[in-house]
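My notes follow the structure.

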Amino acid sequence: MSDLITLCKTEDVKDEAPVSVTPDGFPALAVYLFEDEYFVTDNLCTHGMAMLTDGYQDGDEVECPFHGGAFSIKTGEPTSFPCQIAVKTYPVTLVDGNVCIPAA
Ligand code: FES
């Protein structure tokens with residue numbers, strides 16, 4: 001099993017209130033809660049210099065604060081124009097109440 005890094009506590013992430021984290025060795029990341037599951041994506045929109053955590057989570061999608069583009073928080077795939085390039089997603093493991101992803 002690969003090493004994990006801790007991003008934040010599960011209790012810090014609320015539905016429709018994604019959390020921005022900046023772990024060493026990673027780009028800025030966004031942590032989401034949807035239907036009792038946690039998801040992690042890159043935080044930077046692939047369309048421009050906007051952080052998705054500054055936008056709006058609506059169900060399993062996050063809308064960028066610029067231009068109205070959106071992504072699936074589960075797959076990273078763009079769901080609304082003008083976003084056309086997926087954001088990277090990371091597999092989540094929960095350990096002792098922490099949201100973790102594989103170390104870089
Ligand atoms: S910067 Fe995100 S939609 Fe344009």
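The entries below go through the backbone, then the cysteines, then a serine.

**Ground rules.** I am working with a predicted model, in which local features need pLDDT of at least 70, side-chain atom pairs count only at pLDDT 80 or more, and totals for chains, interfaces and linings use all residues. Residues are numbered from 1 along each chain as its sequence is written, and side-chain values use heavy atoms, with hydrogens and water left out.

**Backbone.** I kept in mind that most residues other than glycine have a negative phi, and that most peptide bonds are trans. I looked up the peptide bond between Phe81 and Pro82 and found it cis, with omega about 10°. Pro82 sits in the loop between β8 (78-80) and β9 (89-90). For the element names I used DSSP runs numbered from the N terminus: helices are H or I of at least four residues, strands E of at least two.

I then noted Glu16, a non-glycine residue with a positive phi, near 65°. Glu16 belongs to the loop between β1 (4-9) and β2 (19-21). Its relative accessible area is 46%, so I logged Glu16 as partly exposed. The cut-offs are under 20% for buried, over 50% for exposed and in between for partly exposed, with a 1.4 Å probe and protein chains only.

His67 is not a glycine either, yet its phi is positive, about 65°. I placed His67 in the loop between β6 (61-63) and β7 (70-72).

**Cysteines.** How many disulfides are there? Taking a disulfide as a pair of cysteine sulfur atoms within 2.5 Å, I count 0. Cys8 is in none, as its nearest cysteine sulfur, in Cys100, is 8.9 Å away. I recorded both residues as buried: Cys8 has a relative accessible area of 9%, and Cys100 is at 3%.

**Ser72.** I found Ser72 in strand β7, buried at 11% relative accessibility. From Ser72 to Val62 I read 6.5 Å, C-alpha to C-alpha, across 10 residues of sequence. Which residues does Ser72 contact, setting aside neighbours within four places in sequence? I listed Asp60, Glu61, Glu77 and Thr79, with contact meaning heavy atoms within 4.5 Å. A polar atom of the Ser72 side chain is 3.1 Å from the backbone nitrogen of Lys74. For the backbone nitrogen of Thr75, I also noted 3.1 Å to a polar atom of the Ser72 side chain.

Conventions
Polar contact = N/O pair within 3.5 Å; in protein donor to acceptor, adjacent residues only side chain to side chain.
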